[in-house]
Amino acid sequence: MTNDHVTLHDIRGFVADNLSGAFKEAFAISRGTRCKQFLFSLSLSPPEAENAPVDVFDDAIEAIEEKLGLSGQPR
């Protein structure tokens with residue numbers, strides 16, 4: 001594919017302020033608990049011809065978190 005890109009938009013609920021640190025923190029917490037799945041991955045891809053603003057992604061993520069019972073979890 002061409003024109004693929006990834007943008008880190010938000011990190012919240014972690015002491016770390018970067019992606020690498022947040023991953024390490026999530027893994028460390030999982031090692032001290034009985035957690036079975038310490039990461040949840042979500043990928044949102046608008047149709048090629050669309051230009052979706054960031055607030056549309058924010059709203060979609062919040063709705064998905066609520067539906068899956070993940071509201072308030074670090075992300």
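I take buried to mean under 20% relative accessible area, exposed over 50%, and partly exposed in between (1.4 Å probe, protein chains only). By this scale Ala28 counts as partly exposed, because its relative accessibility is 49%.

**Basis.** I note that this is a predicted model, in which local features need pLDDT of at least 70, side-chain atom pairs count only at pLDDT 80 or more, and totals for chains, interfaces and linings use all residues. Residues are numbered from 1 along each chain as its sequence is written, and side-chain values use heavy atoms, with hydrogens and water left out.

**Helix α1.** I located Ala28 in helix α1; helices are DSSP runs (H or I, at least four residues), numbered from the N terminus.

**Start of the helix.** I found a side-chain oxygen of Asn18 within 3.3 Å of the backbone nitrogen of Ser20.

**Cover.** I list Gly21, Ala22, Glu25, Ala26 and Ser30 as buried in α1. Lys24 also lies in helix α1, but Lys24 is exposed because its relative accessible area is 59%.

**Distances.** I looked up two C-alpha separations. Lys24 and Leu44, 20 residues apart along the chain, are separated by 24 Å. For Ala28 and Asp59, 31 residues apart along the chain, the separation is 29 Å.

**Loop.** I placed Leu39 in the loop between α1 and α2 (54-68). Leu39 counts as partly exposed, because its relative accessibility is 38%.

Conventions:
Helix = DSSP H or I, 4+ residues; strand = E, 2+ residues; numbered from the N terminus. Polar contact = N/O pair within 3.5 Å; in protein donor to acceptor, adjacent residues only side chain to side chain.
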